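Dear colleague,

Please find below the structure that I am handing over to you.

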Amino acid sequence: MPINEQIRDKEVRVIDENGVQLGIMSIREALRIAEEKKLDLVKIAPHANPPVCKIMDYGKYKFELAKKEKEAKKNQKVINVKEVRLTTTIEDHDFNVKVKNAIRFLQDGDKVKVSIRFRGREVLHPEIGEEIINRFIEMVKDYGIVEKKPKLDGKNITAVIAPKQQ
């Protein structure tokens, strides 16, 4: 935002620090008023005709913006997508380990992408892979909801499970 001498317009609409419109005046007069109040003249609406400038403490304004941005960042929850890969020939114990890992990811608030990659002739029987993914979804249904249903995409079947909201 242009401030004080950086403003190059001849005339501007001026608003004082309390939000009261002072009217349209030359830039010199607006700068004089701002200096008398020991504040800055800040251009807040450059595309208006004439441009709108506000008399304010620019340092304090920037500090408040940074504070709000920091507060908004603090309240954000970053959601990661963790991937669990299965095969069509997975054994029961390995399957249960993958389910436990997925449950842990869901409890931590992360999404889980479940995928099965078909190798060789396995692609001729996609129903086997779909059956395994459906069994996986059934095992984790208490901890998450299916966001994207199992879908065959080339040589892969993928599904996305999102954590349940408490």
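**Findings**

Helices (H or I, at least four residues) and strands (E, at least two) are DSSP runs, numbered from the N terminus. This is a predicted model, in which local features need pLDDT of at least 70 and side-chain atom pairs count only at pLDDT 80 or more, while totals for chains, interfaces and linings use all residues. Residues are numbered from 1 along each chain as its sequence is written, and side-chain values use heavy atoms, with hydrogens and water left out.

The structure holds 8 salt bridges, a salt bridge being a side-chain nitrogen of Lys or Arg within 4 Å of a carboxyl oxygen of Asp or Glu. One of them joins K43 to D9, with the closest N and O atoms 2.6 Å apart. This pair links distant parts of the chain, since K43 is in strand β3 (residues 40–45) and D9 in the segment before β1, 34 residues apart.

E17 and K37 also form a salt bridge (3.4 Å, N to O). E17 lies in the loop between β1 and β2 and K37 in the loop between α1 (27–36) and β3, so the pair ties together parts that are 20 residues apart in sequence.

A further salt bridge, between E83 and R85, has an N to O distance of 3.5 Å.

D16 lies in the loop between β1 (11–15) and β2 (21–26). A polar atom of the D16 side chain is 2.8 Å from the backbone nitrogen of V20.

Yours sincerely

Technical notes:
Polar contact = N/O pair within 3.5 Å; in protein donor to acceptor, adjacent residues only side chain to side chain.
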